[in-house]
Amino acid sequence: MLSQLSPAIRQYLIVTGNYWAFTLTDGALRMLVVLHFHQLGYSALEVAMLFLFYEFFGIVTNLFGGWLGARWGLNRTMNIGLGIQIVALAMLLVPSSMLTVIWVMAAQALSGIAKDLNKMSAKSTIKLLVPDDKQGQLYKWVAILTGSKNTLKGVGFFLGGFLLTLIGFQGAVLAMAIMLAVVWTGSLICLKKESGKAKFKPKFKDILSKSRPINILSGARFLLFGARDVWFVVALPVFLASQLNWNHWQIGSFLALWVIGYGFVQSVAPKFTKSSQDVPKAQAVVWNALLTLSPLALALALWQYLPIAHSIIIGLGLFGILFAINSSLHSYLIVAYSRADGVSLDVGFYYMANAAGRLLGTVLSGWVYQQWGLVACLIISTLLLALSTMAISFLPARGKHL
């Protein structure tokens, strides 16, 4: 059936399938680690520290991975990412007595490297499959890839909570490792060999972007994802478990449904922005400003002692819709502003900033929640989003930045 499709569509489907499979295991593993180690008695800050290397090595990987993708080809970096994730999962299959903090942090470091190699390769490949004069199609393809990935990440959250309840931590990890090994084998056979290799040989110094719009978008992305993770990644699930007494199944299902809905909105973001060709800067500024108000509104609701569960469900839903639109807009803009030859250099630099934002948000999420609670996390989220809105307002018009 794949052989009847055009080469571009066929490669898009293979890349998307790889990305989906990886994301499913990544989301499930995140939920498994948070819930399992919270159950073992780890504090919110200690749980956050388990992801410290995951986020740090994501920064390093995006910075160097874009350079490797331009030299080796994106198929190789994608397949390397899949292989490393299998190794990371295998590391967690050791006896429980060996699952020390350092060991889990090392496994998460490999997982962070794998995740960002996979994501950088997938996002960069889309740029090469769409002509430069088809910006509307590029926006839709990026939105579908990004949205479907996050929908499956939500399914992964659900899967992680479900498998932890059903077959335990190690049984869940083993099942995911076997599934991903099957996908990896298919990818090694089917993925186009030279995709994404730059015509020029990029030098090591080329990993640092010198393009003003790429730097502006990277700064905005850093703040955007720091603002999300400062309250979502550790503080929220720990709050639901400790303050509302939700069990693993309830937390996993709730966060899964949120991420699934968030991914769906991402995939249809072009309908919200009403853009058939280019996305003007003004739209990105407006949507970013609207997003800034949502964590502030939730913080005020909790501060005024409105019903907690209802406030979180409504507030998180509003935040998810607005964040999804912003994330999809930003993902399109970085691909649109990137150069076609050596696209992975620009995309890798951008997702390095993305990973740095997640690292900042993850550490703050555990520390701020432990010190001052969820409302403080939401206030910091609001401040980071306000700065992100300011950054995106300096973005020049496309085609006028060279």
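## Packing of α7 against α12

The axes of α7 and helix α12 (residues 308–337) come within 11 Å of each other and cross at roughly 155 degrees. Here axes are lines fitted to C-alpha atoms, for helices over the stretch in contact, and angles run from 0 to 180 degrees between N-to-C directions. The model is predicted: local features need pLDDT of at least 70, side-chain atom pairs count only at pLDDT 80 or more, and totals for chains, interfaces and linings use all residues. Residues are numbered from 1 along each chain as its sequence is written, and side-chain values use heavy atoms, with hydrogens and water left out. Helices (H or I, at least four residues) are DSSP runs numbered from the N terminus.

α7 and α12 are therefore roughly antiparallel to each other; angles over 145 degrees count as roughly antiparallel and those under 35 as roughly parallel. Their crossing is left-handed, a term used if the near helix is turned anticlockwise from the far one by less than a right angle. On the α7 side, the residues that meet α12 are Pro213, Ile214, Leu217, Ala220, Arg221, Leu224, Phe225, Arg228, Trp231 and Phe232. Their partners in α12 are Leu316, Phe319, Phe323, Asn326, Ser327, His330, Ser331, Leu333, Ile334 and Tyr337. Contact means heavy atoms within 4.5 Å. By class, this contact of α7 with α12 has 14 nonpolar, 4 polar and 2 charged residues (Ala, Val, Leu, Ile, Met, Phe, Trp, Tyr, Cys and Pro count as nonpolar, Asp, Glu, Lys and Arg as charged, and the others, Gly among them, as polar).

## Packing of α12 against α14

The axes of α12 and helix α14 (residues 374–392) come within 14 Å and cross at roughly 25 degrees. α12 and α14 are therefore roughly parallel to each other, and α12 passes α14 in a left-handed crossing.

In α12, Ile312, Phe319 and His330 meet Leu374, Ser381, Leu385, Ser388 and Ile392 of α14. The contact of α12 with α14 divides into 5 nonpolar, 3 polar and no charged residues.

## Cavities

The structure holds 4 cavities of 30 Å³ or more. On a 1 Å grid over the protein atoms alone, a cavity is a set of points where a 1.4 Å probe fits but cannot get out, and lining residues have an atom within 4 Å of a point. Grid points are joined across faces, edges and corners, and a volume is the space filled by probe spheres set on the points.

The largest cavity holds about 260 Å³ of space. Its lining has 23 residues, with Arg30, Lys153, Phe157, Phe232 and Val233 nearest the centre. α1 (7–39) gives the most to this lining, with 5 residues. By class, the lining residues of the largest cavity are 12 nonpolar, 3 polar and 8 charged.

About 190 Å³ of space lies in the second largest cavity. It is lined by 20 residues, and Lys115, Lys119, Lys149, Asn150 and Lys153 are the closest to its centre. At least two lining residues come from each of α1, α5, α6, α7, α9 and α13 (343–372). The lining of the second largest cavity divides into 5 nonpolar, 6 polar and 9 charged residues.

## Second largest pocket

The second largest pocket has a volume of about 150 Å³; a pocket is an open set with protein on both sides within 12 Å along at least five of seven lines. Phe239, Leu302, Tyr305, Leu306, Ile308, Tyr369, Trp372, Gly373, Leu374 and Val375 line the second largest pocket. The lining of the second largest pocket has 9 nonpolar, 1 polar and no charged residues.

Key
Angles under 35 degrees count as roughly parallel, over 145 as roughly antiparallel, 65 to 115 as roughly perpendicular and the rest as oblique.
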